[in-house]
Amino acid sequence: KGKKKVRIVHKTASGTIKTSLWNTMTDNQLNPVLALDLSDIYAWTIDFFGIQKGDRFRIVYDEQFVDSVSVGIGPIHAVEFEHAGKSYYAFRFRQEEKSDYFDEKGESLRKAFLKAPLEYRRISSHFSGSRLHPILKIRRPHWGVDYAAPKGTPVVSIGDGTVVQRGYQGGAGNFVKITHNSVYSTMYLHLSGFARGLTVGSRVKQGEVIGYVGSTGLSTGPHLDFRVFKNGSPVDPLKIDVPPGDPVKGEFRPDFTHIKDSLTISLYKINWHEKLN
C-alpha cells in the first residue's frame, strides 16, 4: 500500500442564498460539505432551515487535497453570516486543549439548546392559545410548534438530558419527553417510532436521534409537534432565550483578540457576492 501526501490549502469564499445553503455552495463551485459545517457551527444561533433569500456569507477555511482532488474540508477559521440583515460572526479559537467557535465578543456560539430538533420543510402550525384543531374542529390551545417533514425524518434532542417519558398517549401518539435541567423540559409528539435502545431513564446528548417523524395520534399528516416547558409551563419554542456557554477565559483574551482581529481583516478582504433584491 502506498500513501499520498495530503495538501492543505487555505481558502476564502463567499455566497448569497437564492434557494438553499447547499445549492449556494454547489452554484459557487464550493464543497457542499461547507454547508453542513456551517450548520453545525451556527446550530445554536441561526435556524438554518429558516434562512432567507438574500442571506449571505463569507468564510475563511482550509481544504484538503490529494494531487488535484479535494478530499475534505479542514477547519473553518472564521465566518461572517448575514441573516435577516444582521451579521453573525464565528471565530475558531483553542483554549485549554479544546477548539470551539466564539463571536466577536468572545462569547461561545454554543448554547444549551439547538434551534430546531429536525430538518423540516416548513412550520405548519405555531404556538397558540387558541387554535382550530384540524381534526376535532374545535378551538383549544396548541402549546407547540408543528414542523412538517417526511415520515421517517430523524428527530434529535435539542439538548443534553434524561428521558422521563416514552410511549403512546392518545392524541399525542408516540411521544418522548426529556428533562434537560431544573428549568427546561421538551416533548416530541406524533413520532412513527423511537431510536433503538431509548427507554425511560436514558441519558441523551444534544443532537442525538431520539425518534422519527410520523403521524400517530390525532394528526392529519407527517409532522413533529415540538413542545418546550419552562418550570413546568409551556413556552413558545421559537422564543426561548438560553444563555450561551463558557466564553473565552480572561487569561486567553489577548490571544483571542489577536487571532480574531487577524481573521476579521481576512474576512473583510473577501468580496461579497452581489446582494439579491
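These legends describe close-up views of side-chain contacts in a predicted model. Local features need pLDDT of at least 70, side-chain atom pairs count only at pLDDT 80 or more, and totals for chains, interfaces and linings use all residues. Residues are numbered from 1 along each chain as its sequence is written, and side-chain values use heavy atoms, with hydrogens and water left out.

**View 1. Val6, Ile8, Val69 and Val71 form a nonpolar surface patch.** Together the four residues have about 340 Å² of accessible area. Areas come from the Shrake-Rupley method with a 1.4 Å probe, and for residues only the protein chains shown count as cover. Patch residues have over 30% relative accessible area and no salt bridge; like charges are joined within 9 Å, nonpolar side chains (Val, Leu, Ile, Met, Phe, Trp, Tyr) within 5 Å. Ile8 sits in strand 1, residues 7–16. Strands (E, at least two residues) and helices (H or I, at least four) are DSSP runs, numbered from the N terminus.

**View 2. Asp67 and Lys4 meet in a salt bridge.** The N to O distance is 2.7 Å. Asp67 lies in the loop between strand 2 (56–66) and strand 3 (69–83), and Lys4 in the segment before strand 1, so the pair ties together parts that are 63 residues apart in sequence. A salt bridge is a side-chain nitrogen of Lys or Arg within 4 Å of a carboxyl oxygen of Asp or Glu. By this rule there are nine salt bridges. Lys4 is exposed, at 58% relative accessible area. Buried means under 20%, exposed over 50%, and partly exposed in between (1.4 Å probe, protein chains only).

**View 3. Lys11 forms a salt bridge with Glu63.** Their closest N and O atoms are 3.2 Å apart. Lys11 belongs to strand 1 and Glu63 to strand 2, so this pair ties together parts that are 52 residues apart in sequence. Lys11 is partly exposed at 28% relative accessibility. Glu63 is buried at 5%.

**View 4. Lys260 forms a salt bridge with Asp261.** The closest N and O atoms are 3.8 Å apart. Lys260 counts as buried, at 16% relative accessibility. Asp261 is partly exposed, at 39%.

**View 5. Phe93 and Phe256 are one of nine aromatic pairs.** Their ring centres are 5.4 Å apart and their planes stand at 80°, so the pair is edge-to-face. Phe93 lies in strand 4 (residues 86–95) and Phe256 in helix 3 (residues 253–268), so the pair ties together parts that are 163 residues apart in sequence. Phe93 is buried at 4% relative accessible area, and Phe256 is buried at 2%. Rings of Phe, Tyr and Trp (its six-membered ring) pair if their centres lie within 6.5 Å; planes under 30 degrees apart count as stacked, over 60 as edge-to-face and the rest as tilted.

**View 6. Tyr188 and Phe226 form a tilted ring pair.** The centres are 5.2 Å apart and the planes are at 40°. Tyr188 lies in strand 13 (residues 184–194) and Phe226 in strand 16 (residues 223–230). Tyr188 is buried at 0% relative accessible area. Phe226 is buried at 2%.

**View 7. Ring pairs link Tyr42, Phe57 and Phe81 into a cluster.**

**View 8. Arg56 lies over the face of Trp272.** The distance to the ring centre is 4.2 Å. A charge sits over a ring if NZ of Lys or CZ of Arg is within 6 Å of the ring centre and within 35 degrees of the ring normal. Lys177 lies over the face of Phe229, at 5.4 Å from the ring centre.
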